[in-house]
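Subject: Structure handover

Hello,

Here is the structure I promised you. My notes on what turned up follow below.

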Amino acid sequence: MSEQLTEPKVESAAGTRPLLEVRNLVKHFPIKGGLLQLPVAWVKAVDGVSFEINKGETLGLVGESGSGKSTVARTILRLIPPTSGEVLLDGQSVFKASADEMKKLRRDLQIIFQDPYGSLNPRMSVGEIIGEGLVVHGVGSPKQREAAVNRLLEVVGLRGQHRGRFPHEFSGGQRQRIGIARSLTLEPELLVADEPVSALDVSIQSQILLLLQRLQQRHKLAFIFISHDLGVVRYFCQSMAVMYLGRIVETGTIPAIFKEPLHPYTRMLRDASPVPDPKVKVVMLRIEGEVPSAVNPPAGCHFHTRCPHVMPICRNVYPEWRQIDSERGVACHLHTR
Ligand code: SF4
């Protein structure tokens, strides 16, 4: 019985070193109990995740709540420590970096949080929030920093005179623009956007997505775009990786996956996502069932409790990763050789 995944890959262009390499990333959280508060069980939030991103590429990391995608993001950024695995940014280890090295790496690796309310310090003015990175890294004189903050505010559709105001004086969409401006301060190469529009009204979502798309194209930024919404990922990304219970179950380019999803879970997500074309009439399906507990995942293929194509082997053997071609990879017994 194999529980071992070989490393799924989103392929990089031949001959170039990927900007980001994630190798067999594992993050288990302890559940503590008893008098001594020792670990009595483990939540396997991320359980052997691997992928690559090139400069300027956009990768969607998708899955339902509880799939582990946000934990992947936080672990890559070292906001939480990994259990094991390796992350390389431009060939340099993120996990082995010293405090000084990490400070330099953070210039290239920034995050946009989901919650535009909780992610901004309410006691700091907008100018201080956006300019903080410049101060920490000793970039420019106070005058130059002020000019940079004004420029960034304009880039995200706000005005220089907003710099003296505080977060509570802005709407949700405006706060997310401030968060985006903050993430751009140090001109990063890679932005991790963790559900950046899911806390916003639908009317504001498209404005923020357009802004992110414009910034991505203008600055050739690489993105890890985390979302449960395949419609958003389809709009924004070039390729995607689908996560289920801490593991990647399918990877591929957006056109290939949307045309013909290989994994039954990806198909389910696709059929439940809205089509961004008012002329196309579709029946949106509901995703049946719940994601099982990551403390005690089902034996064999973790998806077998919800899969309409389940076979006897699925209940006992975790499917090995199969790289179908340069564009596609999948972990499902329907596609084993
Ligand atoms: Fe379904 Fe089996 Fe494929 Fe899992 S391995 S997705 S249960 S067919």
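The ligand sits in the largest cavity. Keep in mind that this is a predicted model.

The cavity count first. The structure holds two cavities of 30 Å³ or more. The largest has a volume of about 80 Å³.

Now the ligand shell. Around the ligand you will find H263, P264, C301, F303, H304, C307, H309, C314, P319, C332, H333 and L334. Sorted by class, that shell has eight nonpolar and four polar residues. It has no charged residues.

Next, the largest cavity. Its lining consists of H263, C301, F303, C307, H309, V310, M311, C314, P319, C332, H333 and L334. By class, nine of these are nonpolar and three are polar.

Then the second largest cavity. The residues lining it are Y244, V249, H263, C301, H302, F303, Y318, P319 and A331. Seven are nonpolar and two are polar. Here too, no charged residue contributes.

H263, C301, F303 and P319 line the largest cavity. H263, C301, F303 and P319 also line the second largest cavity. These four are among the residues surrounding the ligand as well. V310 and M311 belong to the lining of the largest cavity.

Best wishes

How values were computed: Residues numbered from 1 in each chain as written. Predicted model: local features only at pLDDT ≥ 70, side-chain atom pairs only at ≥ 80, totals over all residues. Heavy atoms only, no water. Near = heavy atom within 4 Å. 1 Å grid on protein atoms, 1.4 Å probe; cavity = no way out; pocket = protein on both sides within 12 Å on 5 of 7 lines; lining within 4 Å. Sits in = over half its atoms within 2 Å of the grid points. Nonpolar A, V, L, I, M, F, W, Y, C, P; charged D, E, K, R; others polar. Points joined across faces, edges and corners; volume = space filled by probe spheres on them.
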